[in-house]
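The following note collects several points for a colleague examining this model.

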Amino acid sequence: MADAIALPQARPVQPAVQFLRVIPGVLLLAAVGYAGKLLERNVGTYAKAHHWTFPNIEYVLWAILIGLAISNTVGVPQIFRSGVATYEFWLKTGIVLLGSRFLLGDVLKLGGVSLALVAIEIAGAIAFMTFLGRAFGLRPKLTSLLAVGSAVCGVSAIIATQGAIEADEEDSSFAIAAILALGALSLFTFPLIGHALHLSDHAYGLWAGLAVDNTAEATAAGALYSDAAGKLAVLAKTTRNAMIGFVVLAYAIYWASQGQAKMVGNKAAFLWQKFPKFVLGFLLISVLATYHFFTKEQATALANLSRWAFLLTFAGVGLRTNFREMRKQGLRPFAVGAIGEVVIAVFTLALVAGAGKLFGF
Amino acid sequence: MSSNTVSLNTRNSWLLSIDSWAVVVALLAALLIRFGVFTRVPW
């Protein structure tokens, strides 16, 4: 219950002041994202005009690479940081708007398949990460945080669990650093593996949504493959995110039974508090699209708006990834995370292949 | 990671959570498009 912890209160900041503070960073996100879009359009044309052989690099990758270059060379100045942190808001807004591209029947069908795979993935990932953490002698609560981060939804799950199991700030920093570093790696490795294995858009999207931990990275890894794969990755990842409350509640009850965390009083209220509300927004827009509340042109406009929101997200993924900061966090949590991620990636790939045979995709 | 710290610490000063704001803004945008305030969004 991260929100219920009595933190030392800083002077309250007025929403208007807070809004002004994020403007420089949001403009930076827009500039980096738009530069990625311009590069996608112009580099290919330039290379073709000069008869160069140059791979077609999508705006997603350009935006991430420009962000990474800024973050890991000159760094992100303080004035931009609040705004850059809004990438998570743009991500969730983009996902809600993307609901216009899914008819309810598709959501129920694909979501049903995803839900079954997600349940198996979560159980397998938690069991394996717990075993691995013990084998490497990590602190038990750090192991719990890494397990939740790998199994459910990366940084958000770690932050939600940290409060619920009363883990140290240091443990959650280790776990977040490991998950972010591995997320950054997955952006580059997943599309390569997908192409090498000739995965269909459907199979790849499902795999990225099941195996990549952070929602932003899962969305980007899907979009790097194709538009259709990006849509599927978002759906599978959103299904995974919806499970966060149950997993955090289970951990909270376990650590309370060990006498190392507070008991959870009202379990229904706890589940509601941890439930990612943007999933409801996504479903609502999908229901509206299914019952023709939007014309075809309006649905296209909403889908384009969602792409603009994702453009800011992808810029933010690059800008907030600083490899120097991650290196400072130590090797063991990273090693546990890396081994776990490889095993989870192979495990989920096998799950997707099995589901593909069963459902024919 | 500084960005994560910022988003965590400033959540309360935004009145609503990031998730709720995302839903509010997306629904508002959907309504503006639905009722013709914005007719098309180029990409």
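**Notes on the predicted model**

1. In this predicted model, the buried residues of α17(A) are Pro333(A), Val336(A), Gly337(A), Gly340(A), Glu341(A), Ile344(A), Ala345(A), Thr348(A), Leu349(A), Leu351(A), Val352(A) and Ala355(A). The cover over these buried residues includes α5 (104-135), α6 (140-151), α8 (169-196) and α9 (201-211) of chain A. As background to such a pattern, an α-helix has 3.6 residues a turn, so residues three or four places apart point the same way.

2. The helix itself, α17 of chain A, spans residues 332-359 and has 28 residues. From its first C-alpha to its last, α17 reaches 40 Å, close to the 40 Å expected at 1.5 Å a residue. Gly360(A) follows α17(A) and has a positive phi, near 70 degrees.

3. A helix pair in chain A also deserves attention. The axes of α4 (residues 87-98) and α14 (residues 278-290) of chain A come within 7 Å and cross at roughly 25 degrees. Angles under 35 degrees count as roughly parallel, and α4(A) and α14(A) are therefore roughly parallel to each other.

4. Which residues of α4(A) and α14(A) meet? From α4(A) come Lys92(A), Ile95(A), Val96(A), Leu97(A) and Leu98(A), and from α14(A) come Phe278(A), Gly281(A), Phe282(A) and Ile285(A). By class, this contact of α4(A) with α14(A) has seven nonpolar, one polar and one charged residues.

5. Is Phe323(A) buried or exposed? Phe323(A) belongs to helix α16 (residues 323-327) of chain A. A residue is exposed if 12 or fewer other C-beta atoms lie within 10 Å of its own; Phe323(A) has 12 C-beta neighbours inside 10 Å and therefore counts as exposed. The C-alpha atom of Phe323(A) is separated by 9.5 Å from that of Ala184(A), although the two residues are 139 residues apart along the chain.

6. Chain B contains two helices and zero strands. Of its 43 residues, 26% count as buried.

7. Between the chains, 29 residues of chain B are in contact with 36 residues of chain A. On the side of chain B that touches chain A, α1 (2-9) and α2 (18-34) of chain B each supply at least two residues. The largest share of that side, 13 residues, comes from α2(B). By class, the side of chain B that touches chain A has 19 nonpolar, seven polar and three charged residues.

Terms used:
Residues are numbered from 1 along each chain as its sequence is written. Chains are lettered from A and ligands numbered from 1 in the order in which they are written. This is a predicted model: local features need pLDDT of at least 70, side-chain atom pairs count only at pLDDT 80 or more; totals for chains, interfaces and linings use all residues. Helices (H or I, at least four residues) and strands (E, at least two) are DSSP runs, numbered from the N terminus. The expected span of a helix is 1.5 Å times one less than its number of residues. A residue is buried if 20 or more other C-beta atoms lie within 10 Å of its own, exposed if 12 or fewer, and partly exposed in between; C-beta atoms are placed from the backbone. Two residues are in contact if their C-beta atoms, placed from the backbone, lie within 7 Å. Ala, Val, Leu, Ile, Met, Phe, Trp, Tyr, Cys and Pro count as nonpolar, Asp, Glu, Lys and Arg as charged, and the others, Gly among them, as polar. Axes are lines fitted to C-alpha atoms, for helices over the stretch in contact, and angles run from 0 to 180 degrees between N-to-C directions. Angles under 35 degrees count as roughly parallel, over 145 as roughly antiparallel, 65 to 115 as roughly perpendicular and the rest as oblique.
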